[in-house]
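Good morning, and thank you for coming. Please look at the structure on the screen while I walk through its main features.

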Amino acid sequence: MRTTIIAGNWKMNLELEDALGLAQELRRLVRARVDGEVAICPPYPFLQPIAKALEGSAVDVGAQDVDAHKSGARTGAVSASMLRSVGCSFTLVGHSERRDVFGDTDEIIAQKLRAGLDHGLKVMLCIGEHLDDRESHRTFEVVLGQLDIALKDLTLEETSRITLAYEPVWAIGTGRSATPEQAQEVHQRIRAHIATLFNHDVAGSMRILYGGSVKSSNAADLLTQPDVDGALVGGASLKAESFVNIIRARKSS
Ligand code: PGA
């Protein structure tokens, strides 16, 4: 049985005081075990104070991205060991905004994923197709192609530290979520592909989250799909109440 994860991606929002307030509210509201796994990805400058504020709580703290390199002359970049040292347990890589706004290619994303694993982080790998890919029936080709490159050098042991997030780009921040059937169709296909890349045990245990306009009103229907193991939530994670409502909508695990 896979434990579901509800993760909040705060993106470039909030300032320190509000960010800490939101974290404190989550600390108060999220209940260990009952609520399964809950995680948030605040912006870099807030990671350390928030990780401190959430120490010993049921909420994990992760970064929104990581640099592929260990250290050195890379102005503005943040390494995996830095993230570990401020209390992050994981990082996102491959978010579509990183791909589309910052030019992260599949190869760069594979290097970032490698850097995260090599420095003891868990990695949440985001994949997803654009609207024109879907309309031209290329969804599987795009999504499975992204997986092939990102996961190509992974050992079996390392697969246990990977979570996938399927986020159709057309659903992110648009208010237009994938239907539960659309999400399930892609998740099922991703899981079958993981079985061919690794084996059935890995495919059966790897969590695949859905992301893209998840809110409290559609969360239950998405989360009850058999291959949807949680949600990566953007906008609705910026308020404790809406985020907690999504957490509470999950299937019992
Ligand atoms: P959204 O963002 O929930 O605001 O659509 C999801 C994401 O980008 O991870």
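Let me begin with a definition: helices (H or I, at least four residues) and strands (E, at least two) are runs assigned by DSSP and numbered from the N terminus. Residue numbers start from 1 along each chain as its sequence is written. The model is predicted, so local features need pLDDT of at least 70, side-chain atom pairs count only at pLDDT 80 or more, and totals for chains, interfaces and linings use all residues, while side-chain values use heavy atoms, with hydrogens and water left out.

I turn to the overall fold. Eight strands form a closed barrel in the order 1-2-3-4-5-6-7-8, with parallel pairing; two strands pair if DSSP finds at least two bridges between them. On average, neighbouring strands of this sheet are turned by 25 degrees against each other, direction ignored. Angles run from 0 to 180 degrees between N-to-C directions, and the axes are lines fitted to C-alpha atoms, for helices over the stretch in contact.

Between strands 7 and 8 the chain passes through helix 11 (residues 216–223), giving a right-handed β-α-β crossover; right-handed here means that, with the strands pointing away from the viewer, the path from the first strand over the helix to the second runs clockwise.

Within strand 8 (residues 230–233), Gly230 and Leu232 point one way, Ala231 and Val233 point the other way, and all are buried. Buried means under 20% relative accessible area, exposed over 50%, and partly exposed in between, with a 1.4 Å probe and protein chains only.

Next, helix 5. This helix (residues 106–118) lies across strand 4, strand 5 (122–127) and strand 6 (162–166), at about 160 degrees to strand 5. Contact means heavy atoms within 4.5 Å. At 1.5 Å a residue, the 13 residues of helix 5 should span 18 Å, and its end C-alpha atoms are 18 Å apart, which agrees; the expected span is 1.5 Å times one less than the number of residues.

Leaving aside neighbours within four places in sequence, Lys112 contacts several residues, including Asp65, Asp67 and Asp104.

Now the interior. A nonpolar core is a set of buried Ala, Val, Leu, Ile, Met, Phe, Trp, Tyr and Cys residues joined through side-chain atoms within 4.5 Å. The largest such core has 68 residues, of which Leu26, Leu113, Leu125, Ile190 and Ile194 touch the most other members. Helix 12 (residues 240–249) supplies the largest share of this core, six residues. A second, separate core of eleven residues includes Ala7, Phe90, Leu92 and Leu232.

Finally, two backbone details. Most residues other than glycine have a negative phi. Leu14, although not a glycine, has a positive phi of about 75 degrees, and this residue is in the loop between strand 1 and helix 1 (16–29). His137, also not a glycine, has a positive phi of about 60 degrees; His137 is exposed, with a relative accessible area of 74%.
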